[in-house]
Protein chains: 4
Amino acid sequence: MENLEEKRKSGAWLIGGLGGIAITVASGAFALGKGLIPPTGMVTETDNFRGLELLPADLLEFGGCDIRKGNALDIAQNILQESQNIGAACLPHITDRLKKYDSSIEQGLATNCGKTITSLSDTSNDTQVDLAVQVETIRQHLRSFKKENNLEEIVVVNLASTEPELPLREYHFDPAAFSTQITANNLDSVRASTIYTYAAILEGCPYINFTPSNGALIPALVKLAEETGVPVMGNDGKTGETLLKSILAPMFSSRNLEVLSWAGFNILGNMDGKVLDNPENKKSKLKSKDKLLSEILGYDPHSNVDINYVPSLSDQKIAWDFIHFQGFMGTKMSLQFTWQGYDSMLAAPIVLDLIRLALLAKKRGERGLMSHLGEFFKTPIEGKEYQHHRQHELLIHYAEQARKTIT
Amino acid sequence: MENLEEKRKSGAWLIGGLGGIAITVASGAFALGKGLIPPTGMVTETDNFRGLELLPADLLEFGGCDIRKGNALDIAQNILQESQNIGAACLPHITDRLKKYDSSIEQGLATNCGKTITSLSDTSNDTQVDLAVQVETIRQHLRSFKKENNLEEIVVVNLASTEPELPLREYHFDPAAFSTQITANNLDSVRASTIYTYAAILEGCPYINFTPSNGALIPALVKLAEETGVPVMGNDGKTGETLLKSILAPMFSSRNLEVLSWAGFNILGNMDGKVLDNPENKKSKLKSKDKLLSEILGYDPHSNVDINYVPSLSDQKIAWDFIHFQGFMGTKMSLQFTWQGYDSMLAAPIVLDLIRLALLAKKRGERGLMSHLGEFFKTPIEGKEYQHHRQHELLIHYAEQARKTIT
Amino acid sequence: MENLEEKRKSGAWLIGGLGGIAITVASGAFALGKGLIPPTGMVTETDNFRGLELLPADLLEFGGCDIRKGNALDIAQNILQESQNIGAACLPHITDRLKKYDSSIEQGLATNCGKTITSLSDTSNDTQVDLAVQVETIRQHLRSFKKENNLEEIVVVNLASTEPELPLREYHFDPAAFSTQITANNLDSVRASTIYTYAAILEGCPYINFTPSNGALIPALVKLAEETGVPVMGNDGKTGETLLKSILAPMFSSRNLEVLSWAGFNILGNMDGKVLDNPENKKSKLKSKDKLLSEILGYDPHSNVDINYVPSLSDQKIAWDFIHFQGFMGTKMSLQFTWQGYDSMLAAPIVLDLIRLALLAKKRGERGLMSHLGEFFKTPIEGKEYQHHRQHELLIHYAEQARKTIT
Amino acid sequence: MENLEEKRKSGAWLIGGLGGIAITVASGAFALGKGLIPPTGMVTETDNFRGLELLPADLLEFGGCDIRKGNALDIAQNILQESQNIGAACLPHITDRLKKYDSSIEQGLATNCGKTITSLSDTSNDTQVDLAVQVETIRQHLRSFKKENNLEEIVVVNLASTEPELPLREYHFDPAAFSTQITANNLDSVRASTIYTYAAILEGCPYINFTPSNGALIPALVKLAEETGVPVMGNDGKTGETLLKSILAPMFSSRNLEVLSWAGFNILGNMDGKVLDNPENKKSKLKSKDKLLSEILGYDPHSNVDINYVPSLSDQKIAWDFIHFQGFMGTKMSLQFTWQGYDSMLAAPIVLDLIRLALLAKKRGERGLMSHLGEFFKTPIEGKEYQHHRQHELLIHYAEQARKTIT
């Protein structure tokens with residue numbers, strides 16, 4: 001164990017560190033390290049990524065922050081039992097690392113995030129602290145995490161709840177202009193996620209926005225990342241209904257079948273569901289879920305997406321989609337599907353993939369948007385490709401190119 | 001009209017010419033020719049196929065054969081009304097051509113096709129006629145159809161009911177050895193479909209096996225086609241449940257999710273459903289539907305496929321699939337879908353695609369298997385690619401290459 | 001035909017007379033009268049109602065009103081073609097009666113019905129006309145319809161779009177107090193439906209509220225009906241998702257299984273769907289759909305109901321419900337269903353049932369609420385019974401009692 | 001604990017005692033006795049059964065037999081973990097009673113039960129033992145169980161795998177004639193279940209056939225039970241798809257909607273599923289599942305039921321049913337449902353209900369068929385009522401009558 005700790009030179013710092021996904025990411029990495037679980041669900045563990053010298057899960061150190069207080073061990077117990085898998089049996093073997101992770105969790109921000117998120121917060125109001133101070137505090141957290149664990153580099157991943165949309169102003173498109181807003185303490189210029197991203201980039205940490213919150217990777221910060229040599233990517237992890245959309249919509253195109261309507265209905269029982277019950281936060285999410293249809297089809301069919309909070313489902317996320325389409329001679333036909341997944345279990349392995357690939361990008365000196373990671377996101381920033389299989393081929397092509405550099 | 005008739009230099013000869021698919025193929029082509037319907041559902045009408053000088057539907061002459069007697073007009077009326085589309089409204093405008101088509105229908109074969117198919121036949125027993133004579137009769141049919149309509153070339157498409165599997169012997173792998181069986185009148189060496197294919201190839205007609213009947217494109221005949229310069233392809237049109245399998249299975253692979261079980265249940269109400277109610281015929285079909293899963297996934301999950309005849313559905317074909325899969329930490333999750341399509345309406349536009357592409361292949365001097373047409377078949381012969389999007393890319397690549405030759 | 005016209009002594013006056021349901025009610029009655037269709041879907045045509053001397057459909061005269069202008073024949077053509085049934089074939093045989101019906105349609109009211117409904121109206125603003133005058137106008141319509149057709153009695157049925165909820169004040173509970181509001185021209189005291197009901201009761205016409213609009217049968221008007229000997233009943237026809245709820249919820253009770261959550265999602269494409277897209281109107285509907293669960297189960301599970309407008313569905317109405325329940329040892333299990341119906345085709349035969357049964361009630365001298373008709377409504381007024389099978393037994397019991405009186 | 005053991009005067013003897021259902025029945029009763037779980041899923045724990053002095057679960061002693069060897073504790077652990085409920089947490093508290101139960105399990109019979117069941121058996125071939133001796137052995141088992149536990153009465157419940165159908169001869173209709181076959185050692189006259197039932201009745205034990213095996217309650221044995229004052233009932237516990245059929249079919253009747261087709265598809269992963277994969281055994285089951293439709297509807301719609309074994313589902317049982325129906329004007333519509341339950345968790349509480357109600361019947365001196373228990377069975381013997389809600393009302397009525405006798 002000690003040897004391993006010394007060997008750990010890279011870390012992941014998880015925003016929303018006590019949420020279901022973050023706890024599953026950490027628990028999963030610990031369990032993988034001990035050989036307790038197979039890497040099912042991790043894309044980077046398939047043959048296509050052999051020989052890339054990606055960091056084994058065991059060599060990752062974990063830290064993070066959260067606006068809620070809580071005990072990582074209890075949360076892990078709940079989430080793993082609810083998902084009815086072998087995770088619960090792993091717990092005794094990963095308790096030490098979970099405890100260490102728990103003790104690393106810093107107080108998070110809820111700056112300008114609206115009532116629903118603020119109501120979840122166990123901490124006092126951030127709005128009284130100057131934005132510049134908030135940025136500095138997060139930078140300090142990142143530096144401490146790095147220093148205390150002797151890490152050479154850390155990836156920051158946003159796994160917090162969906163924020164209300166941040167209305168973009170002119171100053172959100174230019175690094176210098178944005179910087180001025182922070183100094184001027186203009187609260188309207190940021191959401192909590194903006195502060196985290198800014199801090200991460202200033203600290204040179206690769207950054208992944210796994211949430212739909214548009215405040216995280218505003219154009220000014222993407223530019224800043226490019227200028228300062230930091231790889232970043234988002235938005236919104238593609239794990240369920242949208243994954244299926246990005247798979248099925250190309251089928252209709254390829255067969256010249258016209259999608260008339262695509263109605264989707266999501267029910268979920270976790271904290272994410274609770275936050276999305278608020279119309280403001282839901283709006284961010286729906287926007288993210290809905291864009292790819294017209295991008296893939298080349299026209300705009302009637303589409304609905306709705307999300308409802310159903311507490312009894314716990315970590316389960318169920319989506320029912322009804323696709324009405326027209327074929328030869330105007331014949332109307334339909335496809336409907338019900339997807340029954342566990343939110344954290346679908347997201348966690350992909351987050352581990354993204355951490356490993358962000359570390360690789362950093363090592364390779366890449367900067368700005370990691371556009372080869374589009375397949376992992378509902379709305380890849382500046383994405384030109386929404387068809388899942390093409391996104392996947394782009395990623396595999398990237399892996400092939402990277403492998404050449406190594407050998 | 002007269003001018004058009006003179007211009008029609010190519011034809012399609014449909015085996016099972018009075019079945020729902022054939023009637024829809026013909027009616028659809030006639031209605032397209034009159035501009036009564038858009039080409040929705042036809043792959044060759046998308047942008048990817050511009051500039052290939054593919055034959056317009058209007059320039060195709062139609063003929064065929066069937067073991068049942070019936071009136072093409074009545075059948076068209078039924079099938080178009082059942083599918084609840086604009087087809088029924090087209091009927092008055094295409095009556096003349098349907099009548100001409102009807103009068104062209106020759107008596108078909110049910111040679112060694114088992115009880116279920118024989119029971120559908122309105123003709124006397126073929127088994128008393130020597131195989132060599134049967135081959136000659138079909139050749140004669142093809143020659144007459146060509147001559148009477150002044151056609152330069154015709155494509156033969158097998159749209160007949162699914163036959164029981166033909167057990168393959170050594171002589172099925174060699175053209176000369178197979179030819180000997182015909183001369184020796186060895187009934188066990190053929191199904192009806194074998195005779196049609198043999199005759200088509202001997203007449204130099206491109207041949208498409210849209211059914212799962214393995215007797216049609218036995219290895220000996222594929223070789224013969226190659227040797228004599230005839231393009232052929234099969235087996236079994238991919239229109240519904242299997243199309244979805246070839247789309248969804250790659251999703252699980254790409255995300256490293258393990259498919260545990262894939263249970264499928266099909267209900268359909270047309271003649272195809274009636275024939276498949278017989279276990280012998282069903283076996284051929286299920287074999288065809290089930291192969292691609294292990295080919296795509298690289299392992300063999302538990303899988304069931306069942307087909308049941310539900311008369312009230314008429315031309316509707318409904319598939320319910322339940323996919324049980326395992327993700328991170330051994331979490332079991334599921335995807336289920338219900339596909340509600342109209343069999344003939346999904347198949348007909350693809351058959352028109354295949355006819356047009358077979359004519360192109362012939363024009364380009366291609367011979368033997370048209371492997372670029374894999375996306376249209378459940379089990380593409382000698383197919384190495386089962387993932388739908390890759391098959392589609394192969395086809396688009398072919399189109400691009402062909403376009404270069406033209407210009 | 002002439003003889004039949006003379007024999008027609010009873011009529012039905014349909015509010016929303018150019019809507020899909022009303023047109024189907026009339027067309028259906030005409031087609032039934034001609035023996036063109038079987039009475040499938042009509043409860044009063046089952047054996048339980050033999051010997052009750054219920055009025056044959058052919059002996060009903062139809063009239064009505066609507067806020068939109070339109071041609072009954074065109075609407076019938078559309079709705080019958082969309083539903084893909086034998087209705088379209090009946091049209092030529094019922095054209096005369098449809099034309100007569102069309103010519104009878106009076107201008108309807110949109111008084112205080114909110115923007116969405118007003119926007120549908122092809123007529124000028126009603127708000128400038130005094131309420132008392134509006135009541136008198138409707139009474140006049142009813143009297144004319146009766147007189148012109150030599151009718152002895154007419155049933156009024158509300159088939160108009162769902163209105164926003166009418167907030168109930170004290171004066172809504174007392175006939176005299178309510179009457180004062182009309183005289184005082186207090187616009188807030190009514191919706192359009194209130195005026196129709198008031199007029200119908202004053203004219204002694206049995207009244208059915210097939211919509212969720214609570215303004216129709218306010219307590220004051222139910223009392224007035226009782227006092228003046230008029231049978232009335234509502235609210236909101238139970239045809240699809242709610243019918244299933246009233247069937248399935250008792251199953252869970254009977255087996256002591258605990259319903260944890262019941263999430264429902266409705267998509268529909270007709271005018272009803274368009275109106276319900278407005279949150280105010282939707283609220284009325286959802287309230288109506290959601291009440292019976294806790295009434296049947298005896299506790300209040302988490303429940304969602306949502307309705308979305310999907311134009312391509314036309315008259316189709318699709319509901320997906322997900323029921324999460326708990327069994328032995330706390331085991332969580334689920335039932336999900338997809339109901340695919342045609343709105344007008346499910347409603348119309350029941351409307352005919354209600355007209356016939358209202359005429360019977362009138363003949364039997366019943367007054368006020370017809371509580372034996374509870375099975376036909378989502379929220380039977382003053383209903384104590386929500387379980388469908390018990391409601392059905394109540395109706396059959398009523399029929400048995402009524403039969404005794406006759407013989 | 002000791003006091004309780006003395007108080008236990010009644011027992012249940014479970015055939016198939018190491019199967020999932022039996023183990024859940026016993027574990028559930030033990031956990032209920034300790035107050036570890038609520039009685040959710042038990043019908044006899046609803047208000048309707050108050051005051052009937054039904055035996056508390058804690059006062060039941062459990063024993064049984066099985067053809068397989070196995071450890072009750074291990075089986076309990078598996079089944080409770082798979083069902084993902086609070087059962088697993090109960091295990092430590094009920095270990096003692098499970099061990100005692102385990103030690104009571106006698107060797108079971110597979111007499112004339114066909115290959116599939118025989119192959120499951122861990123014991124040598126029973127066919128070499130005379131039938132009369134087999135009967136005596138089972139009687140001996142029952143007597144010992146009674147004596148060793150100081151029980152006054154025991155209920156025998158058949159929870160074994162589905163046997164192939166027993167073809168009924170004349171001698172199966174008369175107790176004396178049947179008795180002669182046993183003496184004559186006519187193997188064709190029995191299945192294993194016949195011997196168990198015969199032995200149970202001869203020992204005066206109330207008997208429940210929870211399986212579809214028709215060999216258990218052949219007419220001769222029902223008569224014998226009546227003559228000798230033993231209450232009996234069967235066949236085939238109604239827990240999932242058929243429960244829904246008995247709930248939904250009456251809905252279509254009540255609305256005069258015509259069911260055209262009812263296609264059902266079941267997938268399950270337990271031993272039951274494995275046995276039903278054999279066509280002979282499946283036939284018994286399907287016959288049992290299919291009868292009630294025509295009984296309820298009064299006509300015979302097209303219907304399919306299929307069952308497939310999908311090992312990854314373990315104790316889960318999933319049914320997809322597609323119901324095609326016709327409404328007004330011949331409009332075709334559909335209802336489809338997916339039922340996702342845990343087989344043992346749905347069955348076990350009902351088995352406890354049946355044991356308690358059989359003991360009550362015995363106490364009340366009832367004899368022969370307990371027809372008031374029809375709601376618990378797919379094909380209640382001599383059942384005239386198949387509608388679930390009416391069956392439920394019969395049971396409640398029975399409970400009310402019984403309550404009067406007690407007070």
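Helices (H or I, at least four residues) and strands (E, at least two) are DSSP runs, numbered from the N terminus. Helix axes are lines fitted to C-alpha atoms over the stretch in contact, and angles run from 0 to 180 degrees between N-to-C directions. This is a predicted model, in which local features need pLDDT of at least 70 and side-chain atom pairs count only at pLDDT 80 or more, while totals for chains, interfaces and linings use all residues. Residues are numbered from 1 along each chain as its sequence is written, chains are lettered from A and ligands numbered from 1 in the order in which they are written, and side-chain values use heavy atoms, with hydrogens and water left out.

**View 1. Helix H10 of chain A packs against helix H10 of chain B.** Let's start with a pair of helices. Two packed helices are described by the angle between their axes and the distance between the axes. Here H10 (residues 241-254) of chain A and H10 (residues 241-254) of chain B pack at an angle of about 145°, and their axes lie 10 Å apart. Look for A:Leu243, A:Leu244, A:Ile247, A:Leu248 and A:Met251 on one side of the contact, and for B:Leu243, B:Leu244, B:Ile247, B:Leu248 and B:Met251 on the other; contact means heavy atoms within 4.5 Å.

**View 2. Chain B and chain A bury about 4,800 Å² between them.** Buried area is the accessible area (1.4 Å probe) that two parts lose on being put together, summed over both. Carbon and sulfur atoms give 65% of this area. B:Arg255, B:Phe328 and B:Met329 supply 21% of what chain B buries against chain A, more than any other three residues. In all, 60 residues of chain B are in contact with 60 residues of chain A.

**View 3. D:Glu375 and C:Arg255 form a salt bridge.** Their side chains meet at 3.4 Å, N to O. A salt bridge is a side-chain nitrogen of Lys or Arg within 4 Å of a carboxyl oxygen of Asp or Glu. The interface of chain C and chain D has four salt bridges. The copies meet through the same surface, because 100% of the interface residues of chain C are also interface residues in chain D.

View 4. Most residues other than glycine have a negative phi, and most peptide bonds are trans. A cis peptide bond, with omega about 0°, joins B:Gly234 and B:Asn235. You can find B:Asn235 in the loop between strand S6 (231-234) and H10 of chain B. In chain A, A:Glu382 has a positive phi, near 55°, and is not a glycine. A:Glu382 sits in the loop between strand S11 (368-369) and helix H14 (388-406).
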